[in-house]
Amino acid sequence: MPGTQFPYPRRSSKPPLSAFKSKRVTYQRARWLTTYGLPLVGVCALLVFLLYFTSRPSHSGSARGIAAASSVVIVTTLDLKSSESFREAIKDNRRRYATRHGYATFFPNTTDYDLASWPQSWSLVPALRHAMTLHHDRAWMWYLSSSALIVNTSQSIHDILLAPRMVESLAIVNQSIVPPYSVITTHPNMKGEHVDIILTQDGDGLSVDSFFIRTGDWAKFLLDMWFDPLYRSYDFAAAEKHALEHIVQWHMTVLSRLVLVPQKLFNAYWYEKGKPVGTKDAALYEEGDLVISFHGCQSDSDRSCEEEMKPMISRSQAIL
């Protein structure tokens, strides 16, 4: 029909100039991809590979192996009321051991953290949290009280404790957390890869003079909960020690990652109240032990840590 317009575009025998430009651009892109695309993909893949394996922490995921376990930070809080010579001797003691085994050290003061009116012994908790921030690439934090000395540098803490199969073999299973009254006991089948805190017991319950905690989200959770003002406000008789005992017995998420090991392994006592030297069931120091702890010297007004530890400090300086 003359004059009728149909809703279809009219075909022209000469394509528009834009079509030639579009084809030329497409051709140039294809040529560029053919020339440079494959090498570029290879470079990107290499960068991703390198970033993945150099940035991930050595203790992440399920691959918590021997190499990760050997990475340790020794954390000791220092009281500024003690003499400078004593504080330097404590630092030197840790550094000598750390240097020999490739470990790191961290020495904050007890006054570095806002404790309000609570005992300064609480400072160990934020000190560990602080150390994890500074040394997030290290697998384990070893808190060691300033009233303890490392006296055997030949023993690597990894070799005698932190390897997964080793900690499994040393774990004290079905043990009351606070004997003899607590009905809450340690797990009977703890796998070394799942352990995140390693403690010892003395005659009064859990000991916090010397213990290990694995760096990671679980440790941050525990430390944040442990230092919560609610627990500090309970005014436990033994402050942070009793707070931890309370947490362990009431929170299965903590108990499920905890093991107890023999006390003499890294927390042998020089003297234990009520248990004189020679008592068979007392975990008292013997020649060759890794650590000697002058437990209680900080809280007993009749004792002086500096005076008690002076002979052993001199001896350890000659040995280490």
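This is a predicted model: local features need pLDDT of at least 70, side-chain atom pairs count only at pLDDT 80 or more; totals for chains, interfaces and linings use all residues.
**A tour of selected backbone sites**

Begin by selecting Pro-180, which lies in the loop between α6 (164-170) and β5 (197-202); helices here are DSSP runs of H or I with at least four residues, strands are DSSP runs of E with at least two, and both are numbered from the N terminus.

Residues are numbered from 1 along each chain as its sequence is written, and side-chain values use heavy atoms, with hydrogens and water left out.

Next, select Asp-235, in the loop between α8 (229-232) and α9 (239-250). Asp-235 is not a glycine, yet its phi is positive, near 55 degrees. Is this residue buried or exposed? Asp-235 is exposed, with a relative accessible area of 58%. Exposed denotes over 50% relative accessible area, buried under 20%, and partly exposed the range in between, with a 1.4 Å probe and protein chains only.

Move on to Ala-239, placed in helix α9. This non-glycine residue also has a positive phi, of about 50 degrees. Ala-239 is buried, its relative accessible area being 10%.

Finally, select Trp-270 in the loop between β8 (268-269) and β9 (291-293). Trp-270 is partly exposed, at 41% relative accessible area. Display Phe-294 as well: the two residues are 24 residues apart along the chain, and a distance of 5.3 Å separates the C-alpha atoms of Trp-270 and Phe-294.
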